[in-house]
Amino acid sequence: LDDTDHSIFTRHSVLAGDFAAADGLIDGGLALRLNQAGLDYLGEVLGGFLNPTELEAVLFAANPIYNYFEPHNWPVDNTDVDVIATVVSFDPLEITATPRAGSLHLELVLPNLLLQAETYGTIAYLNDADGDLVTISADSVQISADVIISVDGDGEVVTTLSNVDVSLPGFDAEWDYIWGVVDWIATLFLDLQEVVEGGIAGMMTNTAPGALSAAFNAMSTTVETTLLDQTVTLETQLSGVTSDSQGVLFIMDLGVDLPGTGQQAAPGYLVAAHTTPTPSTSAPLAASLSDDLANRVLFEAWDAGMLSMTLSTADGSLDGFLLSPLGGSEGSIAIDARLPPVLVESDGGLVAQIGEMEIVVNTPGGDNGNFLKVAMAADAPLEISVEDGELVVGVGEPFLSFVVRESDWPASNETITNLLEQQLPIDVLLLLLGDIRFPLPVIQGFAISSATTSRDAAGAHTNIDITLE
């Protein structure tokens with residue numbers, strides 16, 4: 001009992017669990033899975049180099065793409081003909097990607113191949129072949145290859161191709177010089193088919209691995225977001241990749257950097273149970289984000305003193321009308337978070353918890369008194385969504401609990417507590433915190449159309465199912 005015979009309850013919040021030092025990367029903090037429904041979007045990546053312009057560049061660089069030289073054998077002795085590629089066209093790439101254990105099998109089709117070339121040289125003493133047109137066509141170019149995806153020691157994706165095969169069903173060639181049935185012309189056309197197939201196979205082998213690696217490596221990024229008007233730097237770094245019959249799974253480590261950390265004495269940030277992330281195997285693109293990232297960000301914000309602030313009517317940071325329910329018209333509200341806020345699982349959803357939030361209210365000459373110091377604990381449900389490629393964590397209606405620590409108010413502590421629960425502008429203070437936003441890493445060439453979120457069964461990750469544009 002206090003001097004006025006009012007009962008006083010002393011309550012203190014505690015934070016229990018497993019903790020990790022807030023340095024280095026969060027191992028396996030994000031898993032990103034590219035499933036069967038999303039693998040077709042690799043056509044956007046491969047189409048960047050499997051197009052007529054790029055194939056023209058490969059063939060033109062090899063010009064003459066073919067030379068027929070026969071100095072002796074009649075009737076084509078003294079023949080020396082170069083074939084110079086001039087025009088290449090085909091319809092847009094069609095792709096079928098089939099995930100397998102340890103690899104990704106690609107079947108690529110380039111419909112309606114048309115290649116035009118010109119010949120230059122001499123044929124059998126009879127005439128020259130300068131500027132004569134050769135037209136090569138095929139129903140399609142069909143390419144198959146196996147893609148092996150790995151991550152090296154520097155966190156870089158490395159892709160290699162194996163079992164590359166190129167065929168040209170429906171191959172045909174016409175040469176406007178042909179003046180008779182000569183056996184060697186059939187040989188020339190077969191050689192041209194091999195030249196075209198070899199050029200495309202070489203382009204795949206030399207170019208596709210780099211294009212795919214660049215697309216996947218785009219997931220390793222360093223981006224900036226804001227919290228309480230402070231810059232938060234987030235880093236994603238690839239650390240592993242596996243493939244199975246349903247898709248390709250990328251594992252990423254996460255880094256967080258806030259300026260000014262190291263002001264608080266604490267064992268570290270709260271870490272969730274070490275469970276395997278379980279992103280969906282049916283969504284085109286799926287992610288699983290560990291709660292450790294949000295808890296690391298909140299810890300570093302707290303450790304940098306960002307959750308301790310003073311709002312005052314004197315400097316305009318506090319509107320006087322917010323103090324009127326507490327009996328004042330001017331003064332200040334000072335907040336000091338003695339424990340870091342944390343995110344935890346509760347009833348299948350995420351909840352933000354904070355304890356030992358000391359709040360000092362100064363209302364000089366106020367109707368209720370001049371000075372009040374309380375400790376607040378709060379639970380607030382979190383609303384998770386995806387907006388513009390970012391995971392957004394919003395704060396819902398909080399449940400508040402207060403304990404009066406010091407006061408010159410004449411009312412009982414119970415009365416003061418009830419008043420604070422109803423009138424202290426916590427909602428306004430939460431608005432100062434704002435939403436926490438995490439930019440989602442995306443494979444280069446992919447664009448997010450929409451996304452839904454859910455909690456995983458283990459209660460340690462937020463799962464995100466992504467639909468692609």
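Strand 12 (residues 230-244) and strand 13 (residues 247-257) run antiparallel and are joined by 11 bridges, where strands are DSSP runs (E, at least two residues) numbered from the N terminus. Within this pairing, L238 has M252 of strand 13 as its bridge partner. The model is a predicted one, in which local features need pLDDT of at least 70 and side-chain atom pairs count only at pLDDT 80 or more, whereas totals for chains, interfaces and linings use all residues. Residues are numbered from 1 along each chain as its sequence is written, and side-chain values use heavy atoms, with hydrogens and water left out.

N463 lies in strand 25 (residues 461-468) and is buried, with a relative accessible area of 8%, buried meaning under 20% (1.4 Å probe, protein chains only). The side chains of N463 and S288 are joined by a polar contact of 2.8 Å, that is, a pair of N or O atoms within 3.5 Å, of which, within protein, one must be able to donate a hydrogen and the other to accept it, while residues adjacent in sequence count only if both atoms are side-chain atoms. Beyond neighbours within four places in sequence, N463 is in contact (heavy atoms within 4.5 Å) with residues including T278, P279, T452 and D456.

How values were computed:
Helices (H or I, at least four residues) and strands (E, at least two) are DSSP runs, numbered from the N terminus. Buried means under 20% relative accessible area, exposed over 50%, partly exposed in between (1.4 Å probe, protein chains only). Two strands pair if DSSP finds at least two bridges between them.
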